[in-house]
Amino acid sequence: MKFKKLAVTVLASAALVLSGCGQGQSQNQNVIRRTELQEMTTLDSTRVEDIQSANYIGHMQDPLYWEDENNEVHPALAKEMPEKSEDGLTYTIKMRDDAKWSNGDPVTAHDFVYAVQRLANPETGATYAYLVENFENAEEVLKGDRPVEDLGVKALDDYTIEIKLSRPTPYMEHLLAFTTFSPLNQKYVEEKGDAYGTNSDNVLANGPFKVEDWDGTGLNWKLVKNDDYYNADQVKVDGAEVQVIKEDSTTVNLFENGEVDNALLRGELVRQYSDHPHLEYRPTASTYYIELNQENPLLANKDFREALNYAIDNKEYAEQIKADGSVPLSTLVPNDLVHNPETGEDFTKDAAIEPKYDPEKAKELWEKVQKELPQDSYSIRLLSSDDEGSKQVGEYLQGQIQNNLPGLKVDLITVPGKNRIAQQNAGDFDMAISGWLADYADASNFLDLFTTGHSNNHGNYSNPAYDQLLEKADNEDANDPQARYNDFIEAQRLLAADEATIVLSQKQDAELRNPRVQGITYRPVGNEFDIRTATIDNSANE
């Protein structure tokens with residue numbers, strides 16, 4: 001292959017990674033040697049915001065339910081699927097009584113209640129607190145007007161949970177499989193205080209693995225099989241040794257040398273390895289977009305936002321820059337996630353939003369903006385993560401905007417993923433390259449992000465008509481699937497008409513996978529992968 005020549009030039013880099021990361025690695029052949037592009041930010045299931053951290057928390061902590069490769073829900077800590085009342089407002093869940101924490105404490109219904117109350121407590125400041133909004137009394141609890149004990153969740157006994165909702169929630173079982181709803185050991189969490197989840201010494205496990213050797217900022221950690229896990233006899237691997245490598249060519253060299261079991265490919269590497277026998281493509285229910293902070297006077301101008309949209313060729317972006325199987329997208333809701341209840345048509349087809357790329361229209365609008373907002377010079381910041389692929393994307397978008405909006409300077413700011421999230425949360429950005437992976441298979445999971453005051457609405461977009469459509473879908477039309485779907489379609493069209501964000505693409509992962517590792521569960525929605533189902537056959541190693 002052509003890449004073999006490139007491999008020689010970066011071998012020294014690969015060796016440096018191995019010497020720095022490999023000294024503490026075991027020689028256990030029943031361990032998966034995994035690479036990642038981004039570091040973790042936390043092991044606190046309540047406060048987690050990024051998919052990278054959630055992926056590993058999901059190995060360490062079991063929720064009540066677990067989702068397979070088709071995102072079908074199965075009992076985990078729960079003994080069986082929930083018992084639902086006829087009106088859909090009360091869920092009763094029986095938990096298994098043989099699960100325990102890694103300190104020996106039993107996992108009980110009280111742990112689940114505590115986790116949900118901690119999530120809803122405004123003092124926690126959890127980004128995902130809005131996920132409890134359909135629980136009884138949630139509105140007042142989230143505002144701090146009622147104590148968290150009034151939230152519609154309680155333990156009927158040590159192993160029975162009752163959840164009361166204020167309105168039907170079609171995706172409730174998927175929520176209960178989501179990492180943020182994992183039970184927590186109250187005594188342990190409160191003893192640790194602010195240190196909880198900041199490193200692997202300050203967490204407890206109840207799942208198939210423990211996280212070890214993560215200091216809170218480092219680029220290496222381990223998953224180690226939890227022998228006290230209730231289903232430990234079904235877990236066939238001893239764990240995983242993980243290293244974050246931000247240079248794609250280095251990762252590929254390690255894979256080619258048989259030192260790691262996976263290598264995520266991006267850009268030119270996807271093309272170079274397109275005929276590799278171990279290349280796998282994995283569709284994901286995720287959207288990449290540029291978040292626009294309307295606190296910036298330029299971005300508060302709709303003509304300018306539209307000019308940006310016309311300036312960016314998301315087809316070229318997806319097919320030539322990402323080049324990993326990603327597809328251009330014009331709707332915030334991705335393909336193959338939501339379908340018309342009556343016709344089966346995909347949401348993206350019904351929304352009928354066309355891509356906008358048109359450099360001439362971009363220039364026309366930009367000239368109009370300069371007359372509306374006269375300045376001596378124009379500049380704007382574009383925030384990106386600092387891994388190799390993200391930098392490449394940032395540079396491409398920077399060039400597209402500057403070329404098609406002459407006179408506008410785009411300052412590309414690259415920081416570690418953890419810092420990018422923190423800056424977005426603080427509103428310290430003008431434009432930010434963002435992505436959202438579905439937590440559950442419902443259009444609301446994407447469209448809710450742009451409701452007024454939403455914790456992930458970092459750009460401060462606000463439109464009362466948009467808010468009303470989503471409120472209608474959640475209340476008046478909650479039990480009418482077609483009416484609810486129509487509300488979402490209308491909301492998506494309004495979001496696009498307002499130029500609230502610039503949608504770029506739907507992600508698809510291209511990854512080299514060592515055939516010695518089989519059976520990993522890969523999901524299109526929620527946590528991306530799960531090694532509890534994996535097996536290792538070292539005779540298949542190449």
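## Pockets, a cavity and helix packing

By class, six nonpolar, eight polar and six charged residues make up the lining of the second largest pocket. The model described here is a predicted one. About 340 Å³ of space lies in this second largest pocket. Its lining consists of 20 residues, and the closest to the centre are Thr-41, Thr-42, Arg-47, Glu-49 and Lys-418.

The largest pocket holds about 740 Å³ of space. It is lined by 29 residues, with Tyr-130, Glu-133, Leu-142, Thr-451 and Thr-452 the closest to its centre. The greatest contribution is that of helix 5, which gives five residues to the lining of the largest pocket. Sorted by class, the lining of the largest pocket has ten nonpolar, ten polar and nine charged residues.

Cavities are a separate matter. A search of the whole structure finds four cavities of 30 Å³ or more. The second largest cavity contains about 180 Å³ of space. Of the 20 residues that line the second largest cavity, Pro-63, Ala-177, Thr-179, Arg-523 and Asn-527 lie nearest its centre. Helix 3 (51–60), strand 2 (65–67) and strand 20 (529–530) are the elements that give two or more residues to the lining of this cavity. In the lining of the second largest cavity, seven residues are nonpolar, eight are polar and five are charged.

| Helix pair | Angle between axes | Distance between axes |
|---|---|---|
| Helix 10 (residues 302–311) and helix 13 (residues 359–372) | about 155° | 8 Å |
| Helix 17 and helix 18 (residues 481–497) | roughly 165° | within 9 Å |
| Helix 11 (residues 314–322) and helix 14 (residues 388–404) | about 140° | 11 Å |

Helix 10 and helix 13 pack at an angle of about 155°. Because angles over 145 degrees count as roughly antiparallel, helix 10 is roughly antiparallel to helix 13. The crossing of helix 10 and helix 13 is left-handed.

The crossing of helix 17 and helix 18 is left-handed.

How are helix 11 and helix 14 set relative to each other? Helix 11 and helix 14 pack at an angle of about 140°, and they are therefore oblique to each other. Their crossing, that of helix 11 and helix 14, is right-handed.

Key:
Residues are numbered from 1 along each chain as its sequence is written. This is a predicted model: local features need pLDDT of at least 70, side-chain atom pairs count only at pLDDT 80 or more; totals for chains, interfaces and linings use all residues. Side-chain values use heavy atoms; hydrogens and water are left out. On a 1 Å grid over the protein atoms alone, a cavity is a set of points where a 1.4 Å probe fits but cannot get out, and a pocket is an open set with protein on both sides within 12 Å along at least five of seven lines; lining residues have an atom within 4 Å of a point. Grid points are joined across faces, edges and corners, and a volume is the space filled by probe spheres set on the points. Helices (H or I, at least four residues) and strands (E, at least two) are DSSP runs, numbered from the N terminus. Ala, Val, Leu, Ile, Met, Phe, Trp, Tyr, Cys and Pro count as nonpolar, Asp, Glu, Lys and Arg as charged, and the others, Gly among them, as polar. Axes are lines fitted to C-alpha atoms, for helices over the stretch in contact, and angles run from 0 to 180 degrees between N-to-C directions. Angles under 35 degrees count as roughly parallel, over 145 as roughly antiparallel, 65 to 115 as roughly perpendicular and the rest as oblique. A crossing is left-handed if the near helix is turned anticlockwise from the far one by less than a right angle, and right-handed if clockwise.
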